[in-house]
Amino acid sequence: MHVALSMVATDMRIRKEIDERRAAPNLTDYERACETFSWEDARAELDGLPGGGGLNLAYEAVTRHVVNGHGEQTAIVWLGKRGERREISYAELDLLSNRFAKVLAGLGVQRGDRVYSLAGRIPELYVCALGALKHQAMFCPLFSAFGPEPIAERLNLGEAKVLFTTERLYHRRVAALRDRIPTLEHVVIVADPKRPKRPDATLDWAEAMAGASSEYDIADTDPETPSLLHFTSGTTGTPKGAYHVHEAVLTHHVTGKLALDLQPGDVYWCTADPGWVTGTSYGISAPLTNRVTMIVDEAEFDPKRWYEILEEERVQVWYTAPTAIRMLMKAGPELVRSKDLGALRFMGSVGEPLNPQAVLWAYEIFGKPFHDNWWQTETGGIMIANYASMDVKPGSMGRPMPGITAAILREGDDGRMHEVDDPDRDGELALRPDWPSLFRGYWNNEERYRACFRDGWYLSGDLARRDEEGYFWFVGRADDVIKSAGHLIGPFEVESVMMKHPAVAEAGVIGKPDPVAGTIIKAFVSLHAGQRWSEELQKELLGFGRKNLGTAAPREIDFTESLPKTRSGKIMRRLLKARELGLPEGDTSTLEGEEH
Ligand code: ATP
Ligand code: MG
């Protein structure tokens with residue numbers, strides 16, 4: 001009896017300790033963390049391959065946890081479209097990805113060969129990614145909703161050798177274009193149980209996996225071995241194929257820990273699809289290296305479903321994007337009122353500027369803010385962030401990660417880029433190119449890659465400001481910024497102000513050529529549930545803009561049911577503009593909701 005009681009007491013003490021430890025974020029003293037940070041120390045947090053065999057992303061993400069005795073922990077909770085729920089442990093994920101690595105070896109896939117995926121968020125996709133990385137093939141994920149043309153273009157651009165897909169997608173998108181992709185040797189498909197006959201010239205996933213051993217020794221991996229090939233979102237033009245190396249896992253791990261506050265055992269949900277870099281860096285790599293249990297939801301965005309997942313799975317860390325947040329705001333507060341979301345500890349956002357209104361809404365609904373962070377496909381990981389332990393300034397992207405040097409640059413009279421010290425002046429956001437997940441090239445486009453580097457900096461193509469306290473504020477993409485009446489205006493600022501009007505759910509802002517003013521500002525707005533567009537509302541919004549924005553106010557405002565967005569959820573202002581001016585639409589392969 002005594003023993004039992006003292007065991008309960010010990011158990012409670014341990015739990016309390018765990019809770020207390022949890023309450024303290026990984027990063028408590030930002031300044032100190034910046035001063036003391038080194039990539040060597042970060043490297044020491046990972047294990048490396050046994051016997052000094054280098055650094056392999058999949059080993060750090062999965063195998064080492066099994067080696068260290070955590071194989072039983074759930075790595076993935078998979079939620080199927082039709083209500084299925086499957087848990088996959090680290091041990092199981094390790095064996096499955098071993099098998100797939102073995103399959104690739106059997107197919108003659110060599111180090112550096114490109115293995116593509118075209119699939120929804122099914123468990124096999126994650127096995128494929130990790131298996132390819134173990135085998136040191138490059139993994140290149142595509143959005144499953146891409147039509148045949150973008151698929152063919154990307155497969156050819158990266159000279160795909162293997163494609164992993166599903167039978168349904170194969171029939172609908174791939175079969176007809178196969179002879180247009182000369183490098184593609186193997187297509188592995190997850191069968192559709194309703195179709196008994198496998199398509200010609202394909203390999204069946206289940207058969208191939210059953211025939212492969214689950215023993216696989218990862219070969220020594222030079223950290224500079226290429227690992228991931230990602231196509232950018234195509235927000236500003238034709239998507240580029242940026243590639244990364246295995247060493248990128250260091251950035252994934254550290255940023256997952258410091259910027260997203262991932263702690264071993266957390267339940268974590270990154271809502272991004274692996275077709276977008278966020279869905280791999282923070283939907284596969286960072287969560288697994290930090291040994292969390294990650295939620296993978298196969299279904300598409302749905303406010304009711306999302307709130308249910310947050311509640312039922314007791315999600316602690318949630319990483320999503322402004323477009324989803326705005327859609328949740330648009331859906332109204334009723335859906336969330338009855339939910340117990342007490343488990344939520346940290347909420348992050350990325351992909352687009354996060355409107356201050358969205359941060360304030362989050363305080364109201366969740367009692368805590370969204371933490372915005374900034375990065376790009378090219379940077380491979382989070383570069384600037386709002387940290388759990390720091391005050392969030394709504395509308396700001398936060399401060400640079402420890403280990404990252406960020407600056408605002410302008411070209412000087414000497415033709416070189418110089419840092420801007422004035423906190424009120426904007427300029428190009430640039431980074432010192434010295435962190436592990438920096439891309440190593442645009443596939444087959446050396447010239448474009450080289451153009452990103454100048455005077456010792458990596459230039460992001462985004463304009464920003466840095467305030468006195470070192471917080472960065474997004475102004476706009478260099479391509480989207482509007483020059484009107486002698487001022488430079490970032491669409492985001494105008495959009496954020498328009499969203500303060502109670503009727504406005506989303507806004508997209510462009511510069512429109514005008515014979516008198518040169519350029520005027522035009523806004524397209526969508527409305528909250530229950531609001532109706534009318535001439536009166538239009539007038540009211542024009543007045544609201546003038547009152548709050550002065551010279552930066554939209555001179556024209558039109559209603560739109562929804563704004564054109566990329567599949568990763570970014571507003572495509574270039575498309576709003578092309579449509580407004582009747583110009584060619586350019587590359588629309590990443591446009592959401594359309595098949596090309
Ligand atoms: P493309 O390069 O093909 O035009 P893209 O730049 O949208 O597409 P990504 O690499 O997915 O492709 O996106 C990176 C860009 O997204 C950044 O350069 C920036 O413009 C924007 N972005 C990401 N996070 C934020 C953020 N927190 N605040 C503001 N902008 C952001
Ligand atoms: Mg870009």
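Start with the second largest pocket, which holds about 790 Å³ of space. A pocket here is an open set of points on a 1 Å grid over the protein atoms alone, with protein on both sides within 12 Å along at least five of seven lines, and lining residues have an atom within 4 Å of a point. Grid points are joined across faces, edges and corners, and a volume is the space filled by probe spheres set on the points.

Before you click further, note that this is a predicted model, in which local features need pLDDT of at least 70, side-chain atom pairs count only at pLDDT 80 or more, and totals for chains, interfaces and linings use all residues. Residues are numbered from 1 along each chain as its sequence is written, chains are lettered from A and ligands numbered from 1 in the order in which they are written, and side-chain values use heavy atoms, with hydrogens and water left out.

**Stop 1: the pocket lining**

Select Thr236, Gln376, Ser460, Asp462 and Arg477: of the 40 residues that line the second largest pocket, these lie nearest its centre. Then colour strand S14 (371-374), strand S22 (457-466) and strand S23 (472-477), the elements that give two or more residues to this lining. Helices (H or I, at least four residues) and strands (E, at least two) are DSSP runs, numbered from the N terminus. S22 gives the most, with 5 residues. By class, the lining of this pocket has 15 nonpolar, 14 polar and 11 charged residues. Ala, Val, Leu, Ile, Met, Phe, Trp, Tyr, Cys and Pro count as nonpolar, Asp, Glu, Lys and Arg as charged, and the others, Gly among them, as polar.

**Stop 2: two loops with positive phi**

Go to Asp455, in the loop between strand S21 (453-454) and S22. Asp455 is not a glycine, yet its phi is positive, about 50 degrees. Its relative accessible area of 27% makes Asp455 partly exposed; buried means under 20%, exposed over 50% and partly exposed in between (1.4 Å probe, protein chains only).

Next, pick Asn444, in the loop between strand S20 (441-442) and helix H16 (446-450). Asn444 is exposed, with a relative accessible area of 61%.

**Stop 3: the domains**

Colour by domain: domain 1 (25-374), domain 2 (405-477) and domain 3 (482-581). These bounds come from an automatic or database domain assignment. The C-alpha centres of domain 2 and domain 3 are 28 Å apart. Across that pair, 4 residues of domain 2 are in contact with 5 residues of domain 3, where contact means heavy atoms within 4.5 Å.

**Stop 4: the cavities**

A cavity is a set of grid points where a 1.4 Å probe fits but cannot get out, and the count comes to 3 cavities of 30 Å³ or more. The largest cavity has a volume of about 90 Å³. Of its 14 lining residues, select Phe143, Phe146, Phe231, Thr232 and Gly275, the closest to its centre. Its lining draws at least three residues from each of domain 1 and domain 3, and divides into 6 nonpolar, 6 polar and 2 charged residues.

The second largest cavity has a volume of about 50 Å³. Select its lining: Leu57, Ala129, Leu133, Phe139, Leu228, Thr280, Ile284 and Ser285. Helix H6 (123-134) and helix H11 (278-289) each give two or more residues to it, and H11 gives the most, with 3. This lining has 6 nonpolar, 2 polar and no charged residues.

**Stop 5**

Which side chain makes a polar contact with the side chain of Ser285? It is that of His252, at 2.8 Å. A polar contact is a pair of N or O atoms within 3.5 Å; within protein, one must be able to donate a hydrogen and the other to accept it, and residues adjacent in sequence count only if both atoms are side-chain atoms.

Move to Tyr170 in helix H8 (residues 167-174), buried at 5% relative accessibility. A polar contact of 3.2 Å links its side chain to that of Arg178. Beyond four places in sequence, Tyr170 touches residues including Val187, Ile189 and Pro199.

Finish at Ser89 in strand S2 (residues 85-89), buried with a relative accessible area of 18%. The side chain of Ser89 reaches the backbone nitrogen of Glu92 at 3.0 Å.
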